[in-house]
Amino acid sequence: MRRIVMMVLRNLLTVPWMAIQLLLYARDDDQHTEWERYALLRKICRRAIRGGNIELLTSGQENIPKEDGFILYPNHQGMFDVLAVIDTCDHPLSVVMKKEVADVPFVKQVRKIMGAQAMDREDVRQSLGVIMQVTKEVAAGRNYLIFPEGTRSKLGNQLLDFKGGSFKAATKAKCPIVPVALIDSYYPFDSHSLKQVTVQVHYLEPITYEEYKDKKTTEIAEIVKKRIEEKIKKVVDK
């Protein structure tokens with residue numbers, strides 16, 4: 001919370017402009033293109049990151065498919081994860097988020113601008129509807145960000161189990177799966193320190209449909225989790 005306050009204070013002169021832009025771009029009758037809306041979000045993210053005294057280190061951006069219609073699958077450490085991915089991924093993308101945060105001020109506007117899907121994890125039918133909608137959009141060329149743990153890990157750089165159901169949209173859309181390893185992404189908002197912190201975002205080699213088409217979603221989940229774990233261990237143990 002202290003770092004969020006610092007982000008706001010260091011951008012105090014531009015906060016009104018950013019708030020107005022979010023409201024305008026989130027209108028139902030907004031005519032901006034997806035690229036223009038995503039550019040706005042990236043601009044706001046970068047101001048927040050810079051104001052929050054956060055350094056982002058990125059690798060593997062060449063692994064992000066050049067053609068749209070893919071899904072990024074990162075480990076989930078906290079609220080900063082989405083900002084880190086938006087800042088480092090130059091392809092417009094949407095996100096699947098939990099219903100509980102969908103209407104929080106600011107998050108609501110970002111959700112509308114991104115065309116994000118809010119999933120009610122307690123409602124099987126609604127969750128299935130979200131999966132089908134994501135499948136349809138990805139097959140049509142949109143990109144998505146899905147956290148396969150389902151909730152954020154509170155164990156630092158240790159991962160929770162990856163849920164097989166998170167990969168149903170990918171298997172149905174027959175799209176590339178891009179594992180993403182986030183390191184120390186929990187620190188900006190979970191620590192009370194205001195000292196500079198470094199967060200790392202590593203885009204790993206994509207897994208094509210041909211590679212996973214004969215596997216169960218639970219098997220795909222284990223493969224993605226293992227690759228992310230190996231990358232985190234390799235970096236942290238240096």
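This is a predicted model: local features need pLDDT of at least 70, side-chain atom pairs count only at pLDDT 80 or more; totals for chains, interfaces and linings use all residues.
Gln196 counts as exposed, because its relative accessibility is 53% and the exposed class begins over 50%. Apart from neighbours within four places in sequence, Gln196 is in contact with Asn53 and Glu55. Pro105, by comparison, is 91 residues from Gln196 in sequence and 27 Å from it in space, C-alpha to C-alpha.

Asn53, one of the contacts of Gln196, is placed in the loop between α3 and β1. The phi of Asn53 is positive, near 60 degrees, in a residue other than glycine, and Asn53 follows α3. With a relative accessible area of 22%, Asn53 is partly exposed. A positive phi in a residue other than glycine is also found at Lys174, where the value is near 55 degrees. Lys174 belongs to the loop between α7 and β6 (177-183) and counts as exposed at 52% relative accessibility.

Helix α3 has 18 residues. From its first C-alpha to its last, α3 reaches 26 Å, close to the 26 Å expected at 1.5 Å a residue. Its buried residues are Tyr38, Leu40, Leu41, Arg42, Ile44, Cys45, Ala48, Ile49 and Gly51. These buried residues pack against α1, α2 (15-25), β1 (54-59), α4 and α5 (107-114).

Arg46 pairs with Asp87, and the closest N and O atoms of the two are 2.9 Å apart. Arg46 lies in helix α3 (residues 34-51) and Asp87 in helix α4 (residues 80-88), so the pair ties together parts that are 41 residues apart in sequence. The two partners fall into separate accessibility classes: Arg46 is partly exposed at 39% relative accessibility, whereas Asp87 is buried at 13%.

The structure holds 11 salt bridges. Among them is the one between the side chains of Arg27 and Asp29, with an N to O distance of 3.6 Å. Arg27 is partly exposed, its relative accessible area being 43%. In another, Glu137 pairs with Arg142, and the closest N and O atoms are 2.7 Å apart. Glu137 counts as buried, because its relative accessibility is 12% and the buried class lies under 20%.

Helix α6 (residues 124-139) has 16 residues and spans 22 Å between its first and last C-alpha atoms, close to the 22 Å expected at 1.5 Å a residue. The N-terminal end of α6 is capped by Asp123, a side-chain oxygen of which lies 3.1 Å from the backbone nitrogen of Arg125. Just after α6, Gly141 takes a positive phi of about 110 degrees.

His91 is found in the loop between α4 and β3. At 11% relative accessibility, His91 counts as buried. The side chain of His91 makes a polar contact of 2.8 Å with the side chain of Asp68. A polar atom of the His91 side chain also lies 3.4 Å from the backbone oxygen of Pro65. With neighbours within four places in sequence set aside, the residues in contact with His91 are Trp35, Tyr38, Ile64, Pro65, Lys66, Asp68, Phe70 and Asn143. Of these, Tyr38 is also listed among the buried residues of α3.

Met1 counts as exposed, with 64% relative accessibility. Together with Val5, Val8, Leu9 and Leu12, Met1 forms a nonpolar patch on the surface. The accessible area of the patch is about 500 Å² for these residues together.

Notes:
Residues are numbered from 1 along each chain as its sequence is written. Side-chain values use heavy atoms; hydrogens and water are left out. Patches are made of residues with over 30% relative accessible area and no salt bridge: like charges are joined within 9 Å, nonpolar side chains (Val, Leu, Ile, Met, Phe, Trp, Tyr) within 5 Å. Accessible areas come from the Shrake-Rupley method with a 1.4 Å probe; for residues, only the protein chains shown count as cover. A salt bridge is a side-chain nitrogen of Lys or Arg within 4 Å of a carboxyl oxygen of Asp or Glu. Buried means under 20% relative accessible area, exposed over 50%, partly exposed in between (1.4 Å probe, protein chains only). Helices (H or I, at least four residues) and strands (E, at least two) are DSSP runs, numbered from the N terminus. The expected span of a helix is 1.5 Å times one less than its number of residues. A polar contact is a pair of N or O atoms within 3.5 Å; within protein, one must be able to donate a hydrogen and the other to accept it, and residues adjacent in sequence count only if both atoms are side-chain atoms. Contact means heavy atoms within 4.5 Å.
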